[in-house]
Amino acid sequence: MTAERTPARTPEPASGREKAYAFLKENVLTDPDRQGEFLSEQELADRIGVSRTPIREALLLLAAEDLVRLVPKRGAQIVPLSGREISEVMELRGIVERYAAERVDPGDRDLLAELTELLERQRALSGPEHAKEFIAVDHLFHATIVAAAGNTLLNRHYDGLRSRQIRAGVVALYNQQGRQESVLTEHRAILAAIASGDRRAARIAIDSHLETTLKVLLAG
């Protein structure tokens with residue numbers, strides 16, 4: 001007798017609030033030209049294809065994360081990253097990424113191949129028109145290293161920094177001409193150190209990368 005297979009569950013479609021939240025976080029908050037701007041609920045509703053209620057719900061979630069500020073009678077304002085917040089994000093990134101680099105297996109060929117492929121993807125995304133996509137891959141490069149350390153809770157914590165990382169990264173590319181090529185060079189140094197099993201060199205490469213990014217951000 002053949003066992004009856006359970007049909008695969010079809011993923012439930014995203015709710016209007018989830019669609020609005022994802023769109024705002026990925027496309028609106030990361031736009032350097034919109035930092036400090038007050039958002040129009042109706043414009044966003046028309047753009048995303050939902051009613052204003054999911055927009056309000058998404059904005060409440062973002063306000064709870066301190067990514068937007070709700071101002072009475074004016075609405076939701078995109079909160080620009082302050083110098084202190086940028087410094088704190090970079091400090092947290094350093095702690096997590098150094099920890100991860102010390103624990104990944106330099107003999108993990110799949111990891112090294114994935115990081116190499118991500119660098120190739122970044123290299124193909126030159127020019128300001130690809131800045132957001134470049135930084136999205138940039139985050140994935142670092143997140144892949146963190147995930148390879150095998151600490152699920154730490155990985156989840158690191159993922160919580162994603163929105164601010166991408167916002168800061170896009171701003172950095174706009175602040176300094178040639179920053180994309182510098183990032184690639186810095187990433188190659190991190191990958192080379194991990195591949196060689198030199199943990200000290202990996203820590204130094206990560207610190208140098210984050211320190212340079214921080215200087216570019218604060219100088220802007």
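Which residues is Arg164 in contact with, leaving aside its neighbours within four places in sequence? I found Glu65, Asp66, Leu67, Leu81, Glu85 and Val89 on that list, where contact means heavy atoms within 4.5 Å.

Before going further I noted the conventions: this is a predicted model, in which local features need pLDDT of at least 70 and side-chain atom pairs count only at pLDDT 80 or more, while totals for chains, interfaces and linings use all residues. Residues are numbered from 1 along each chain as its sequence is written, and side-chain values use heavy atoms, with hydrogens and water left out.

**Entry 1: Arg164**

I located Arg164 in helix α8, which covers residues 162-175; helices (H or I, at least four residues) and strands (E, at least two) are DSSP runs, numbered from the N terminus. Is Arg164 buried or exposed? Arg164 counts as buried because its relative accessibility is 15%, and the class limits are under 20% relative accessible area for buried, over 50% for exposed and in between for partly exposed, with a 1.4 Å probe and protein chains only.

I then looked at the polar partners of the Arg164 side chain, and one of them is the side chain of Glu85, in a polar contact at 2.4 Å. The Arg164 side chain also reaches the backbone oxygen of Glu65, at 2.6 Å. A polar contact is a pair of N or O atoms within 3.5 Å; within protein, one must be able to donate a hydrogen and the other to accept it, and residues adjacent in sequence count only if both atoms are side-chain atoms.

Asp66, which is on the contact list of Arg164, sits in the loop between α3 (52-64) and β1 (68-71). I recorded a positive phi of about 60° for Asp66, although it is not a glycine, and Asp66 counts as exposed because its relative accessible area is 53%.

For Lys73, another residue other than glycine, phi is positive and near 70°. Lys73 lies in the loop between β1 and β2 (75-78), and I put it down as exposed because its relative accessibility is 91%.

**Entry 2: the overall picture**

I counted 10 helices and two strands in the protein, and the order from the N terminus is α-α-α-β-β-α-α-α-α-α-α-α. The C-alpha atoms fill a box of roughly 70 × 55 × 30 Å, taken along the principal axes, and buried residues make up 40% of the 220 residues. Among the contacts with a separation of 6 or more, 71% are between residues 24 or more positions apart.

**Entry 3: the nonpolar cores**

Which residues touch the most other members of the largest nonpolar core? They are Phe134, Phe141, Ile145, Ile190 and Ile194, out of 41 residues in this core, a nonpolar core being a set of buried Ala, Val, Leu, Ile, Met, Phe, Trp, Tyr and Cys residues joined through side-chain atoms within 4.5 Å. At least two residues of this core come from each of α4 (83-103), α5 (109-123), α6 (131-148), α7 (152-159), α8, α9 (179-196) and α10 (199-219), and α6 supplies the largest share, eight residues. Apart from this core I found another, of 19 residues, including Phe23, Leu29, Leu44 and Leu59.

I followed Ile145 in particular, and beyond its neighbours within four places in sequence it is in contact with Ala100, Ala101, Val104, Leu115, Ile190 and Ile194.

**Entry 4: His139**

In helix α6 I also looked up His139, which is buried because its relative accessible area is 5%. Not counting residues up to four places away in sequence, His139 touches Tyr158, Asp159, Arg162, Gln165 and Ile166.

**Entry 5: two C-alpha distances**

Glu120, in helix α5, is partly exposed because its relative accessibility is 42%.

Gln42 and Ile55 are 13 residues apart in sequence and 8.6 Å apart from C-alpha to C-alpha.
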